[in-house]
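Subject: Structure handover

Hello,

Please find the structure below. My notes on the domain contact, the ligand site and the salt bridges follow it.

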Amino acid sequence: MSRIVVVSNRVAPVDEGKASSGGLAVAVLAALKRAGGIWFGWSGEIAENSSGSPGIRQVGRLTYATIDLTQRDYEEYYNGFANSTLWPLFHYRLDLTEFSRRTYAGYLRVNSLFASKLAPMLRDTDMIWVHDYHLIPFGEQLRQMGFDQRMGFFLHTPWPVPEMLLALPNHDSLVRSLCAYDVVGFQTEGDRKAFVDYLIREVGGEIVDGNRIRAFGRTLRVEAFPISVETREIESQAAQSAGSRQIERLRVSLAGRELIVGVDRLDYSKGLPQRFQAFEELFEHYPANRGQVTFMQIAPPTRTEVAEYAQIRRELETMAGHINGKFAEFDWMPIRYLNKSFPRRRLLGFYRCARIGLVTPLRDGMNLVAKEYVAAQDPDDPGVLVLSRFAGAAPELAVGAIIVNPYDVEGVAESLQRALNMPREERRERHAAMMKVLRENDISHWRERFVQALEAAPYG
Ligand code: GDG
């Protein structure tokens, strides 16, 4: 069996393999433990220079290898090209996208640094699985150093349509580097199609058969692998958590009112201002809900050094204050807005308590919160998922979710009203339909499909 080498911007801390942590870390660790291998990435530390050897930590057959970055690397590669160019561009926010040759050069330099640090650790039969937009050129850098191992890439974000991508000054070299992989995986069919359209229209790519396409002198497999969650574990952990003291405290504090829950990294792609407006609209248009419904939005801050993130944080504080000031009563507060994170198990208990899971990104690769919310419900009396059509999860979950356009604030309010009044029988049917999807495509299935695609790639 070939070893698997996983490369990602950050390496999950060693104790994240526990069931209490998120699905991706668990899935990647399961693959690595099964086949043995390396998880390679940035340590999260800033150092004077990045010339040292990787820090190594051995856990059974699994090697964690991490490198430090310099302040300049961090600014140009991470805050710069990855999070101020690719992230907004891939989420259709051209208005927020910065273009700079300096940060692109930094992005390439750090990708090359990653490749040169990993190179001495590689064996001929290794399979290399690279994750996400930070590391698109990584595979090409390794190929240029003479490595012909099987290499796969999975993009966690959306892939934009050609019209959007063409705004990137170096779109052609970025796409060429993606074609250095043997397998390129996207979240949805839509993302896959957008990529293939670009190859065909812009660089004369040709479909060889099915999912295989020829471009830049190489043949690669391009496929959708919708990421998922650890469905069974979530079901049982959510049920346990719902009986805990903390969740009982939440229930008591609600005093019989219905709970709507939102859980998102504080990011402009998640549609939070529009969501807050929709909640305000719910009270304006359907005033009987005043005093009867509580909205809890959990939004841990991220990427705090990028200006747009500080900006959206201020905007949401103002909006939450405005809505609470306008509607609150001495014994009821409409919005509970929490800028912090919670242990995963507690989050699952929150989901299970909530009559509505409100997931309304303006664009999202997949959105695991939508899937977690569904898996955490009590099948006998489940809540309703209100889901943006622009989440990658929408094609799979349309069988049971109420699908909304997050820009249509009145439409979202109307859907909330519908969800709040949905009969139990309908809620059960919708939940069962979504659970069928989540049982068939859980996180293990996702991992196995990707690893099998990589195994099937020709090499050497
Ligand atoms: C990217 C793509 C794609 C959130 N708050 C807390 C917490 N979380 C966990 C959630 C969920 C995860 O973080 C967030 O995942 P999402 O998928 O919703 O969104 P991104 O972070 O933007 O992820 C996305 C994903 O990659 C995977 O491919 O789906 O489209 O943007 O698991 O539960 N976890 C804990 N406390 C919190 O307060 N423990």
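On contacts between the two domains: 26 residues of domain 1 touch 21 residues of domain 2, where contact means heavy atoms within 4.5 Å. This is a predicted model, in which local features need pLDDT of at least 70 and side-chain atom pairs count only at pLDDT 80 or more, while totals for chains, interfaces and linings use all residues. Residues are numbered from 1 along each chain as its sequence is written, and side-chain values use heavy atoms, with hydrogens and water left out.

Domain 1 covers 4-228 + 443-455 and domain 2 covers 231-439; the bounds come from an automatic or database domain assignment. Taken over C-alpha atoms, the domain centres are 30 Å apart.

The two domains bury about 1,900 Å² between them, with 56% of that on carbon and sulfur atoms. Buried area here is the accessible area (1.4 Å probe) that two parts lose on being put together, summed over both. Of the area that domain 1 buries against domain 2, Trp87, Leu96 and Ser228 supply 24%, more than any other three residues.

Between the domains there are zero salt bridges (a side-chain nitrogen of Lys or Arg within 4 Å of a carboxyl oxygen of Asp or Glu). Six residue pairs, both at pLDDT 80 or more, are in polar contact across the domains (a pair of N or O atoms within 3.5 Å; within protein, one must be able to donate a hydrogen and the other to accept it, and residues adjacent in sequence count only if both atoms are side-chain atoms). On the domain 1 side, helix H2 (residues 71-90) gives the largest share, seven residues; helices are DSSP runs of H or I, at least four residues, numbered from the N terminus.

The ligand is surrounded by 21 residues, the closest being His156, Phe342, Asp364, Leu368 and Glu372 (a heavy atom within 4 Å). Ligand oxygen atoms lie 2.5 Å from a side-chain N or O atom of Glu372, 2.7 Å from a backbone N or O atom of Leu368, and 3.0 Å from a side-chain N or O atom of Gln187.

The whole structure holds 35 salt bridges. One of them pairs Asp197 with Lys193, closest N and O atoms 3.1 Å apart; both residues sit in helix H7 (residues 189-203), four residues apart, about one turn of the helix.

Regards

Key. Helix = DSSP H or I, 4+ residues; strand = E, 2+ residues; numbered from the N terminus.
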